[in-house]
Amino acid sequence: MVLKSLGKNFGLHGIRFGYMVANPALAARVRRALPRWNLNSFAETVVFMIRQHMSEYLDSLRLLALDRESMRYQLTRVPGLTVFPSQGNFLLVRLPGGRDGAALRDQLLDEHNLFVRECGNKLGMTSQFMRLVVRPERDVRRLISGLYAVLYESGNRSLSSVPPPLPTPTPLYDPLPASLSTPLQTQTLLQAQTPLYEGDRRFDMLSAVPPSV
């Protein structure tokens, strides 16, 4: 079973549209459990518009794959931090033994203006696990600096002393054809609301929705 959502893939948070690919018998069982009217007209309109912006979307996937591998490489250099493989927009990490994720989350936010997801309420996990969204290199260096400061109390560790990114990151998973090399258009970049999310390279379909929709 594979589940996908526009919120994760296209930055369309609030559209509430997703789909499932599964064995026909299992898909039929899930379909019978769905509400009779489970898709609103706005979501339906946006879904049909996606085909007009596939090149930008595919380019954004390539950039995401490069950012993910560079971020994974830098996180593995933090002593005691376990980084799990990923093919998505997030990286799951396990903190060094004895460290509490909730306390780390609060300290990163209060002292470094960084917000991370502590996974203590996730099935099969404890507060020692954290979910980190894949970010461009500049934001990752801020995160690494903050982790060192909080985990090892080296508050004087500057950004210049953070391990550098991979010179030419090679993604562990890149499903896109090599011919895709056109850079993302500026108007399709996700424009975030806080300094933490400046420079996000995920494709934002909302910027392409006409005012009449």
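Analyst: What follows is a set of questions about labels, each answered by setting a value against a definition. This is a predicted model, in which local features need pLDDT of at least 70 and side-chain atom pairs count only at pLDDT 80 or more, while totals for chains, interfaces and linings use all residues. Residues are numbered from 1 along each chain as its sequence is written, and side-chain values use heavy atoms, with hydrogens and water left out.

User: What makes up the protein chain, in terms of helices and strands?

Analyst: The protein chain has 6 helices and 6 strands, where helices (H or I, at least four residues) and strands (E, at least two) are DSSP runs numbered from the N terminus. Read from the N terminus on, the elements follow the order β-α-β-α-α-α-β-β-α-β-β-α.

User: Why is H4 called roughly parallel to H6?

Analyst: Helix H4 (residues 54–75) packs against helix H6 (residues 137–152) at an angle of about 20°, and their axes are 10 Å apart. Axes are lines fitted to C-alpha atoms, for helices over the stretch in contact, and angles run from 0 to 180 degrees between N-to-C directions. Angles under 35 degrees count as roughly parallel, over 145 as roughly antiparallel, 65 to 115 as roughly perpendicular and the rest as oblique, so H4 is roughly parallel to H6.

User: Which residues of H4 and H6 meet, and what classes do they belong to?

Analyst: On the H4 side, Met71, Gln74 and Leu75 meet Glu137, Val140, Arg141, Leu143, Ile144 and Leu147 of H6, contact meaning heavy atoms within 4.5 Å. By class, the contact of H4 with H6 has 6 nonpolar, 1 polar and 2 charged residues, given that Ala, Val, Leu, Ile, Met, Phe, Trp, Tyr, Cys and Pro count as nonpolar, Asp, Glu, Lys and Arg as charged, and the others, Gly among them, as polar.

User: How do you know that arginine 141 forms a salt bridge with glutamate 137?

Analyst: A salt bridge is a side-chain nitrogen of Lys or Arg within 4 Å of a carboxyl oxygen of Asp or Glu. In arginine 141 and glutamate 137 the closest N and O atoms are 3.3 Å apart, so the pair meets the rule. Both residues lie in helix H6, 4 residues apart, about one turn of the helix. By this rule the count comes to 5 salt bridges.

User: Is arginine 141 buried or partly exposed, and what about glutamate 137?

Analyst: Buried means under 20% relative accessible area, exposed over 50%, and partly exposed in between (1.4 Å probe, protein chains only). Arginine 141 has 17% relative accessibility and therefore counts as buried, whereas glutamate 137, with a relative accessible area of 32%, is partly exposed.

User: What makes Arg105, Asp106 and Glu118 a network?

Analyst: These three residues, Arg105, Asp106 and Glu118, are linked by salt bridges. Aspartate 106 pairs with arginine 105, with the closest N and O atoms 3.0 Å apart, and arginine 105 also pairs with glutamate 118, where the corresponding separation is 3.5 Å. Arginine 105 lies in helix H5 (residues 101–112) and glutamate 118 in strand E5 (residues 117–118), so this pair ties together parts that are 13 residues apart in sequence.

User: Why is glutamate 118 called buried?

Analyst: Its relative accessibility is 13%, so glutamate 118 counts as buried. Arginine 105, at 23%, is partly exposed, and aspartate 106, at 36%, is partly exposed.
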